[in-house]
Amino acid sequence: MKIAIIGAGAAGCFCAINVKRMLQDAVVEVFEANQKPLAKVAITGGGRCNLTNTFRDVKSLQHTYPRGHKLMKRLFHQLDQQQLMAWFEQEGVRLTVQEDQCVFPASQDAMEIVNTLVSAMRRERVILSCGQRVIEINEEGSKYRVSTESRSNVYDAVVVTTGGSPKASGLNFLSDLHLEMESPVPSLFTFKINDPITQLMGVVVEETVATLAGTKMKAEGPLLITHWGMSGPAILKLSSQAARHLAECNYKAQLNVNWLNGQNEDSVREQLDTLLADNPQKQIGSIHLTTDHKLKTGATSPITSRLWNYLLEKSGIAPERRCAEVGRKQINRLASILTCDTYALAGQSRFKEEFVTCGGVALSNIDPNTLQCRQHPGLFFAGEVLDVDAITGGFNLQAAWTMGYVVAQNLAALSTDGAVK
C-alpha cells in the first residue's frame, strides 16, 4: 500500500510514524513544501514546544476548542493527552508540567521533539520529501494522483495535513475535489490598540477578565500590555473565541477589561470608600501600595503602581490628590474603570512566530470517527487544515497529534477490499 501525506508538520509526521508501526509493509511518503519538516513545532512555546496540556483545569472543551470541540471529544477516546505523554516518554523524551498545566519537554528545547520525530521517521523508513510543494490531487479510479512542481505519482491513500493557511489560496491544490470550505481567518493573535496605555508596555496583570462589547465572549487570565496594545493568555483566548466575529467586523470592536478578576462595580466601590476613608491625608496614587487594604479579597493589590496611576488619571483623579479630596463622582468613575475599562481595537497582530487559523476544510466533509472524506474514500484530513482550532496552552498541538494518530489507525484498518473500516 502506498500512502502520501501532504505536510510534514505535527499531524503529518505523527501520522507517518504511527501508520508505519501499524502497517509495516506500507510505503509512506511525506511531502513538505519547506526545506525542513516540523518548522512550526520548532518555534512553538517560544522555542520550548508546549506539546500538550494536562487538561486538569479544562472545564469545557467548547471553551478550549471554539471550533471542533465535539470532534475532539470523540477523537480523544482514541488518543488523549495522557496517552500522548506516554508515547513521547517511551521515545525517551522526559516531560515536565508547569503550574498552568502546560506540558513541555524537560529539556525546554523544542528541537528535542523535532529530532525525536525525525529520528522515528528515519527508523520506520518513512520517505521524507522536503522542498516538494503539492500543487494538485486528482482521483484516478480508487487511487489518487499527487502532483508536485517536479513529479507526479499515484497512491492508494492520501492524508492532507498541511496545517492552517491564512489565505484561501493555500488550499487550491484541493480544488478539483470540490470540498466544502470554511473561509480561513486568524484565530490566535494579540490586539492592536491606539491608546496611551501602550506607554505602560511590560506591565502584567495576573488575573483579568477580557470581553468584547455586545457579545457573550470572554476570557480570563493574565494580561500583558505591549507597545502595540494588549497580549497575554486572556487576550489570546479571547481572540480564539472571537476569531470569526472579529474578522467579520474587520477587527474594529470594543474591548472591555476588568482589572480585578471579574469583581463587580458595587463591591469595588465599597472597597474604595473604605480605602480612602482610612487614609484621608495620603495621596491616592500611593495608598494601594502602602496600606493593608485590598482591592482584591485575600491578596495584595493586583495592579502595579504604573497602571494604578494611569487608571486614576483616566478617571479624572490626579495621583497626588489626597484621599479626603476625592469626590463621589470620581470614586464612581474609578470603580467603573477598574471593572469595565474600555478600549477600541485597531486591528490584530500576530502572536510571535506562531499562527493559528480558524477555517479550512469544513468538518461536514469528513467522517468524525475516521477523519476520512465522505465523498472521496481513501482521502483523509488531520490537523489544522480542518476547521478545528484551540486557545493557547498546548491544545492545538494535542489536536494535531490526536488526529494524526486516528488517521494512522484507520489506514491500518484497511480491509482486503480497500474499504476503510
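A polar contact is a pair of N or O atoms within 3.5 Å; within protein, one atom must be able to donate a hydrogen and the other to accept it, and residues adjacent in sequence count only if both atoms are side-chain atoms. The model is predicted, with local features needing pLDDT of at least 70 and side-chain atom pairs counting only at pLDDT 80 or more, while totals for chains, interfaces and linings use all residues. Residues are numbered from 1 along each chain as its sequence is written, and side-chain values use heavy atoms, with hydrogens and water left out.

**View 1. Polar contacts of Asn 53.**
The side chain of Asn 53 has a polar atom 3.0 Å from the backbone oxygen of Gly 393. The Asn 53 side chain also reaches the backbone oxygen of Gln 101, at 3.4 Å. Asn 53 sits in strand S3 (residues 52-53). Helices (H or I, at least four residues) and strands (E, at least two) are DSSP runs, numbered from the N terminus. Asn 53 is buried, with a relative accessible area of 4%. Buried means under 20% relative accessible area, exposed over 50%, and partly exposed in between (1.4 Å probe, protein chains only). Not counting residues up to four places away in sequence, Asn 53 touches Gln 81, Asp 100, Gln 101, Cys 102, Val 103, Gly 393, Gly 394 and Phe 395. Contact here means heavy atoms within 4.5 Å.

**View 2. Thr 226 in its loop.**
Thr 226 is found in the loop between S14 and S15. Its side chain reaches two backbone nitrogens: that of Gly 229 at 2.9 Å and that of Trp 228 at 3.2 Å. Thr 226 is buried, at 5% relative accessible area. Leaving out residues up to four places away in sequence, Thr 226 touches Thr 198, Met 201 and Ser 231.

**View 3. The open sheet.**
Five strands form an open sheet in the order S6-S2-S1-S10-S19, with parallel pairing. Two strands pair if DSSP finds at least two bridges between them. Strands S6 (127-130) and S19 (379-381) stand at the edges; each has a single partner strand, so one side of each is left without a neighbour in the sheet. From one strand to the next, the twist averages 20 degrees. Helix H13 lies across S1, S10 and S19, and runs at about 160 degrees to S19. Axes are lines fitted to C-alpha atoms, for helices over the stretch in contact, and angles run from 0 to 180 degrees between N-to-C directions.

**View 4. Strand S1 and its partners.**
S1 (residues 2-6) and S10 (residues 157-160) pair in the parallel sense over 4 bridges. In S10, Val 159 is the bridge partner of Ile 5, and Val 160 is that of Ile 6. S1 is joined to S2 (residues 27-32) by 5 bridges, and the two run parallel. There, Ala 4 has Glu 29 as its bridge partner in S2. S1 is largely enclosed by the rest of the structure, because 4 of its 5 residues are buried. S1, helix H1 (residues 10-22) and S2 make a right-handed β-α-β unit. A crossover is right-handed if, with the strands pointing away from the viewer, the path from the first strand over the helix to the second runs clockwise.

**View 5. The largest nonpolar core.**
A nonpolar core is a set of buried Ala, Val, Leu, Ile, Met, Phe, Trp, Tyr and Cys residues joined through side-chain atoms within 4.5 Å. The largest one has 82 residues, of which Tyr 65, Ile 137, Leu 174, Phe 381 and Trp 401 touch the most other members. Helix H13 (residues 395-412) gives the largest share of this core, 11 residues. Apart from this core lies another, of 48 residues, among them Ala 219, Ala 243, Val 326 and Leu 338. Contacts of Phe 381 beyond four places in sequence include Val 160, Leu 174, Ile 366, Leu 386 and Val 407.

**View 6. Val 326 and its surroundings.**
Val 326 lies in the loop between helix H11 (305-314) and helix H12 (328-339). Val 326 is buried, with a relative accessible area of 9%. Not counting residues up to four places away in sequence, Val 326 touches Leu 276, Ile 284, Ile 317, Arg 321 and Ile 331. Its C-alpha atom is separated by 53 Å from that of Asp 109, 217 residues apart along the chain.
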